[in-house]
Amino acid sequence: MMRVVFVGDVFGQPGRRVLAAQLPHLKRSADFAIVNMENSAGGFGMHREAADGALAAGADCLTLGNHAWHHKDIYALMGDEVKYPIVRPLNLSDPGAPGVGYRSFDVKTGTGTERLTVVNILGRVFMEAVANPFRAMDDLLERADLGAVFVDLHAEATSEKQALAWHLDGRVAAVIGTHTHVPTADTRVLPGGTAFQADAGFTGPHDSVIGSEVHGPVQKFLTERPHRFGVAAGRAELNAVFVQIEAGKAVGAERYRYVEE
């Protein structure tokens with residue numbers, strides 16, 4: 001059996017801080033750690049400092065999302081595939097985009113070595129235009145060398161997330177959502193053996209509006225005018241999902257949450 005821990009959207013310096021403190025503890029109960037770093041650099045994208053910190057804390061794979069290109073660092077990081085195991089969205093409209101949309105790993109477990117492929121894919125509802133995620137996953141799954149497949153579904157709409165999970169049920173080990181930053185209470189294993197949670201939740205400022213200092217979002221909604229959004233300070237939280245995988249299918253899934261005091 002392989003046990004994977006997936007940490008949702010790391011947001012800003014508070015998210016990086018709590019990840020550095022807590023991921024080593026989580027790895028004691030997991031064979032492999034996937035961390036979504038979509039918002040780790042000031043709330044938008046990932047830079048070298050953020051990537052280095054996550055890897056030092058024990059991350060084995062770093063996934064991204066719709067802010068993948070926000071920092072110029074990302075191009076150099078993607079060019080060093082050995083040091084930086086980064087997976088950017090699979091279904092970008094540009095087929096020549098830098099980086100890779102999936103990556104396979106040989107994971108050491110207590111009983112041997114198992115193959116795990118991590119996929120990052122974008123939804124389309126309320127999002128920027130990208131290629132069809134359903135078709136992109138169908139095309140990818142035609143490969144025979146993927147082993148167990150873990151999908152980080154970076155999307156807005158829960159309906160789209162649920163639909164893709166059902167479409168992939170029995171063909172992938174897990175479909176765990178990111179992007180909306182609020183953990184959902186729908187953790188389950190679908191009948192075919194695919195673990196699902198619509199959103200893992202984020203890892204960042206606890207007293208915030210999905211990571212941003214409260215004043216900016218409140219004023220935007222109140223006045224209907226643009227306002228600056230800054231990363232909130234103070235205590236942070238970490239949200240994650242543990243998935244147990246056996247013979248390429250999930251046999252268990254559970255939510256995890258930690259909040260600094």
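**Exercise 1.** In which loop is H179 found? Determine also whether H179 is buried or exposed, and describe its phi angle.

*Solution.* The model is predicted.
Step 1: H179 belongs to the loop that runs between strand 8 (174-178) and strand 9 (188-189).
Step 2: The relative accessibility of H179 is 16%. Buried means under 20% relative accessible area, so H179 counts as buried.
Step 3: Most residues other than glycine have a negative phi. H179 is not a glycine, yet its phi is positive, about 105°.

**Exercise 2.** Locate I210 and state its accessibility class.

*Solution.* 
Step 1: I210 lies in the loop between strand 11 (204-205) and helix 6.
Step 2: With a relative accessible area of 45%, I210 is partly exposed.
Step 3: I210, although not a glycine, has a positive phi of about 40°.

**Exercise 3.** Describe the largest nonpolar core and the surroundings of I86.

*Solution.* 
Step 1: The largest nonpolar core has 29 residues, and I86 is among those with the most contacts inside it, as are L19 and L23.
Step 2: Elements that each supply at least two residues of this core include helix 1 (12-27) and strand 12 (236-246).
Step 3: Not counting residues up to four places away in sequence, I86 touches several residues, including M46, L62, V100 and R103.

Key
Residues numbered from 1 in each chain as written. Predicted model: local features only at pLDDT ≥ 70, side-chain atom pairs only at ≥ 80, totals over all residues. Heavy atoms only, no water. Core = buried A, V, L, I, M, F, W, Y, C linked by side-chain atoms within 4.5 Å. Buried < 20%, exposed > 50% of the residue type's maximum accessible area, 1.4 Å probe, protein only. Helix = DSSP H or I, 4+ residues; strand = E, 2+ residues; numbered from the N terminus. Contact = heavy atoms within 4.5 Å.
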